Amino acid sequence: IESCCTKHGISKRTFYYWVEEFTEIAQLFRKAQEKVQELHRGSLIVKALTSLEKLVEGYEYIETSEEGIPSQDGKVLITKVTRKKKYNPPNVAAVIFVLTNLDPENWKDIRKIDIKGKLELDDLSKLSNEDLEERIRLLSNK
């Protein structure tokens, strides 16, 4: 918004006034916002997939540490820099996530339960009120 306003020589206040007052400008602004959200969403998806890929494959990285001593001007004088090559192994949860989502036929959740049987209920409509009250009393005591 700022760069657009600068390019056209208007203030942000004027821009928002125009968005409120002119339907065409409001519609163009909404379309621009939707496009930005779509681009941002696409970017996040790419980052998430890249991160997931690293978690599934494992990855190497360089860990750097510095040692130093204070100098006379109050800054730190670096005396030693150490670099170590490190390895993060594949993440089991990420591997399971990928397999169950990309190949569900072979890696589905096995917690499927089939229940078969017959349920018989007493026909309470044939009982007298006294018998029904007795049953209620017995069930209440359990």
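Guide: Lys12 has a relative accessible area of 41%, so it is partly exposed; that class lies between buried, under 20%, and exposed, over 50%, with a 1.4 Å probe and protein chains only. Please note that this is a predicted model, in which local features need pLDDT of at least 70, side-chain atom pairs count only at pLDDT 80 or more, and totals for chains, interfaces and linings use all residues. Residues are numbered from 1 along each chain as its sequence is written, and side-chain values use heavy atoms, with hydrogens and water left out.

Visitor: With which residue does Lys12 form a salt bridge?

Guide: A salt bridge is a side-chain nitrogen of Lys or Arg within 4 Å of a carboxyl oxygen of Asp or Glu. Lys12 belongs to helix H2 and its partner to helix H1, 10 residues apart; helices are DSSP runs of H or I with at least four residues, strands are runs of E with at least two, and both are numbered from the N terminus. The closest N and O atoms are 3.9 Å apart, and the partner is Glu2.

Visitor: Is Glu2 buried or exposed?

Guide: The relative accessible area of Glu2 is 56%. Because of that value, Glu2 is classed as exposed.

Visitor: How far apart in sequence are the parts tied together by Lys85 and Glu60?

Guide: The side chains of Lys85 and Glu60 meet in a salt bridge, at 3.4 Å from N to O. Lys85 lies in strand E2 and Glu60 in strand E1, so the parts tied together are apart in sequence by 25 residues.

Visitor: How many bridges join strand E1 to strand E2?

Guide: Two strands pair if DSSP finds at least two bridges between them. Strand E1 covers residues 59-70 and strand E2 residues 76-88, and they run antiparallel. Ser65 stands opposite Thr82 in E2. The number of bridges joining E1 to E2 is 12.

Visitor: Which residue in the hairpin of E1 and E2 takes a positive phi?

Guide: The hairpin has 5 residues between the strands. The positive phi is near 90°, and the residue that takes it is Gly74.
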